[in-house]
Amino acid sequence: MAANSGEDAPALEARGLSKVFGGVHAVDAMDLTVGRGEAVGIIGPNGAGKTTLFNLLAGSLQPTGGQVLLRGADITSWSADRRCRSGLARTFQVTLPFDDLTVFENVLVGALVRGETWAAAERLAIELIEHVGLSHAAARAGSQLSTGQRKRLELARALSTSPSVLLLDEVTGGVDQASVPGLIDVVRRIGQTGVSLVIIEHNMTVIQELATRLVFMHQGRKIAEGPAGEVAARRDVRALYLGEHDAAA
Ligand SMILES: Nc1ncnc2c1ncn2[C@@H]1O[C@H](COP(=O)(O)OP(=O)(O)OP(=O)(O)O)[C@@H](O)[C@H]1O
Ligand SMILES: [Mg+2]
C-alpha cells in the first residue's frame, strides 16, 4: 500500500514529473504536493515549464517520467477526460469557449458532461454563472465576451465538473487592470468552498493574495518553495523572475 493513500493523501501530487520535447527539458523531475483545500501558486519566467506541468497534471500530455497522484491514487496513465470526471479540472492560459454558444450553454455543456440530468445541469449552470458574476451576460455568445468575461466563463466551465482540484493557468493574464480585483474575488470564493487550487500567475501581487504557498519554477525545475511572502522576497527569485538583476549581485 502506498504510504499516502485514502483519506490522508494530499489532494494532488506530482513525483519526479518530467517532460522532454526534443532536447528541451520542459519539466524536469518536479515534485509537487497540494494539500486538501490548499491554494498553491506556481510562478516562474516565460518558458519555465508551468503550462507544461499543468498539461501533465491534467493529462493532456503524457510525461516522459514520473507520476501524478490524485488523492493517493496513481492516475499517470489516465486520460484527461477520466481525470476531469474524477474531480481534476483546469482552465486554459488561452481561453477557448464555444464561440457560437451562449455563456449559459457553454456552462451547461460542462454540467452535462459531468452526467447531470438536464434539469439539474440547468440549475447548476445558473448557479455557477452567478458565482462567477456573469449573470448579466448569460445570454451573450462566447465570441462577444471581453477577456475578463472569458476568464470568468472559463472558471464557471471548470466548476461545472464539480472539481476537488482546480488548476488555474493565468486567470488574470491579458485582462485589463480594472477587472483583476473582481477575478481575484471569484478565485478566492472558489477556494473558500474547499476546492484545492493550483494557480499559475505572473502578477506577484495577485499570487500573494491568492496562494499561501509558492513554488518557483525555472527551466523545468523547482528552485524554491515555501510561504508566499518568503519565496517572493528571495533574491534569486526576484533576479530571475522580476528582472531585478541587481538583486542577485
Ligand atoms: N508542445 C510543445 N512542443 C515543443 N516544445 C514545447 C511544447 N510546449 C512547450 N514547449 C517548450 O517547453 C518549455 C516550457 O514551456 P511552457 O509553455 O510550459 O512554459 P510556461 O512557464 O507556461 O511559459 P509562459 O509563462 O510563457 O506561459 C518552453 O521551452 C517551450 O518552448
Ligand atoms: Mg504558460
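**Reading a predicted model**

Author: This is a predicted model. The protein has a mean pLDDT of 90, and 93% of its residues reach 70 or more.

Reader: Which residues have a pLDDT below 50?

Author: Residues 245-249 do. Beyond near neighbours in sequence, this stretch has seven contacts in the model. Where pLDDT is low, the predicted coordinates should not be read in detail.

Reader: How many helices and strands are there in the protein?

Author: The protein has nine helices and 10 strands.

Reader: Why is the protein called as compact as a globular protein of that length?

Author: Set the value against the rule. The radius of gyration is 18 Å, and the globule rule gives 18 Å for 249 residues. Along the principal axes, its C-alpha atoms fill a box of roughly 55 × 50 × 35 Å.

Reader: What share of the contacts with a separation of 6 or more comes from residues 24 or more positions apart?

Author: They account for 65%. As for burial, 42% of the 249 residues are buried.

Reader: What makes a residue of α3 buried, and which ones are?

Author: The cut-off is 20 or more other C-beta atoms within 10 Å of the residue's own. In α3, residues 103-113, those called buried are V103, N106, V107, L108, G110 and A111.

Reader: What do the buried residues of α3 pack against?

Author: They pack against α4 (118-131) and α5 (147-159). After α3 comes G115, with a positive phi near 100°.

Reader: How do you know that β1 and β4 pair?

Author: Pairing takes at least two bridges, as found by DSSP. Strand β1 (residues 12-21) and strand β4 (residues 65-70) have five bridges, so they count as a pair. The sense is antiparallel. A14 stands opposite V68 in β4.

Reader: Why are β2 and β5 called edge strands?

Author: The open sheet runs β2-β1-β4-β5, with antiparallel pairing. β2 and β5 (73-74) each pair on one side only. That makes them the edge strands.

Reader: Which residues surround ligand 1?

Author: The shell is F21, V24, A26, G44, N46, G47, A48, G49, K50, T51, T52 and Q93. Two elements give two or more residues to it: β2 (24-34) and α1 (50-58). The largest share, three residues, comes from α1.

Reader: What makes seven of the shell residues polar?

Author: Gly counts as polar here. The shell around ligand 1 divides into four nonpolar, seven polar and one charged.

Key
Residues numbered from 1 in each chain as written. Chains lettered and ligands numbered in written order. Predicted model: local features only at pLDDT ≥ 70, side-chain atom pairs only at ≥ 80, totals over all residues. Near = placed C-beta within 6 Å. Helix = DSSP H or I, 4+ residues; strand = E, 2+ residues; numbered from the N terminus. Buried ≥ 20, exposed ≤ 12 C-beta atoms within 10 Å, placed from the backbone. Contact = placed C-beta atoms within 7 Å. Rg over C-alpha atoms; globule rule 2.2 N^0.38 Å. pLDDT = per-residue confidence, 0-100.
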